[in-house]
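Visitor: I have a model open and would like a quick tour. Could you walk me through it?

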Amino acid sequence: TYGTPPYGYYAAAPPLASSPPLYVQPQPQQQPQQRRSPSNRRKNSPDNPLPIFPAADLKGRVASLCRDQHGSRFLQAHLEDPKGDSAERDLIFAEVLPRSRELATDVFGNYVVQKVLARGAPEARRAVFRQLDQHAVELGTHVYGCRVVQKALEMLAPGDSASLVEELRKDALRCVHDQHGNHVIQKCVEVTARAASEDSSDKDVAKLAVLGEQLLGEFATRARSLAAHPFGCRVLQRVLEHWGRALRDPAMRGHKAVARLVDELVNGGRDVAPLLEHQYANYVMQHCIQFGRPQDRSATIREVKNHLVDFSRHKFAS
């Protein structure tokens with residue numbers, strides 16, 4: 001005999017889990033109820049794009065609408081609409097323009113001022129400029145005002161843009177080191193470089209180009225420290241992007257100013273390694289390779305080859 005089996009040996013096995021049904025009766029799906037718009041609400045269409053308030057209802061309320069999220073969107077859309085009532089459009093301009101400076105620093109109002117600059121007539125843009133003049137640095141370092149100053153630099157006439165650039169140039173380094181002001185200086189670099197590349201006899205365009213060279217002169221002897229700054233590196237990248245053509249062509253206006261900055265950065269390939277390994281400056285050096293002169297590229301690439309293995313293992317130089 002093999003002995004008695006242990007206690008519980010013949011215990012019943014646990015019941016098997018029930019198999020899923022082969023067919024599940026589908027449940028009827030409830031269709032979501034569609035909300036009906038009020039009968040008095042005007043529908044958007046090419047012929048009737050916006051609910052337009054008559055001028056009598058807008059009068060005296062435009063500034064408060066600018067400061068409201070939905071009111072700001074309504075005013076922007078109305079200025080954008082080519083079929084909008086001219087009387088209502090004129091009323092919006094009449095109430096926004098005298099308050100452009102205070103609206104420029106409003107979280108919603110700044111968008112209306114930008115739309116006035118983008119869609120307004122030259123007289124309206126000139127009125128905005130008079131509000132910004134002598135306040136460019138103050139507004140340019142403001143979280144919302146900097147957007148208006150950038151739009152103004154882009155949309156104003158060359159003479160008015162030159163006045164703003166001249167004011168900003170005097171405090172260029174302060175703006176470059178500011179989290180909002182650096183964007184304004186980037187726009188200054190772009191606008192002045194465009195003027196320098198134009199073959200124009202307009203004295204205002206020529207003044208913009210000269211101010212661009214003077215702006216680059218503010219960065220002279222500071223290129224390496226700016227390249228290692230979280231905001232300064234952005235400005236130098238814009239310099240190389242927009243003034244790169246002048247850098248490569250000695251006959252172009254601004255060549256000496258931008259070449260001086262690049263010479264300080266590349267330095268014939270000497271002492272380039274710290275910039276290549278820096279978390280911000282490495283982006284500037286990449287731009288030197290992309291937009292620089294042949295000698296700038298050769299000197300930088302030669303330094304990369306000399307430390308190829310070390311750089312390839314580095315977080316930023318790789």
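**A walk through the model**

Guide: Let's start at Asn 267, which sits in the loop between α17 (255-266) and α18 (273-276). Helices here are DSSP runs (H or I, at least four residues), strands likewise (E, at least two), numbered from the N terminus. This is a predicted model, where local features need pLDDT of at least 70, side-chain atom pairs count only at pLDDT 80 or more, and totals for chains, interfaces and linings use all residues. Residues are numbered from 1 along each chain as its sequence is written, and side-chain values use heavy atoms, with hydrogens and water left out.

Visitor: What is the phi of Asn 267?

Guide: Most residues other than glycine have a negative phi. Asn 267 is not a glycine, yet its phi is positive, at about 55°.

Visitor: Is Asn 267 buried, partly exposed or exposed?

Guide: Buried means under 20% relative accessible area and exposed over 50%, with partly exposed in between (1.4 Å probe, protein chains only). Asn 267 has 31% relative accessibility, so Asn 267 counts as partly exposed.

Visitor: How do α12 and α15 run relative to each other, roughly parallel or roughly antiparallel?

Guide: α12 (residues 181-197) and α15 (residues 232-242) pack at an angle of about 10°, with axes 9 Å apart. Axes are lines fitted to C-alpha atoms, for helices over the stretch in contact, and angles run from 0 to 180 degrees between N-to-C directions. Angles under 35 degrees count as roughly parallel, over 145 as roughly antiparallel, 65 to 115 as roughly perpendicular and the rest as oblique. The two helices are therefore roughly parallel.

Visitor: What is the span of α10 from its first C-alpha to its last?

Guide: The expected span is 1.5 Å times one less than the number of residues. With 13 residues, α10 (residues 158-170) is expected to span 18 Å, and its reach is close to that, at 19 Å.
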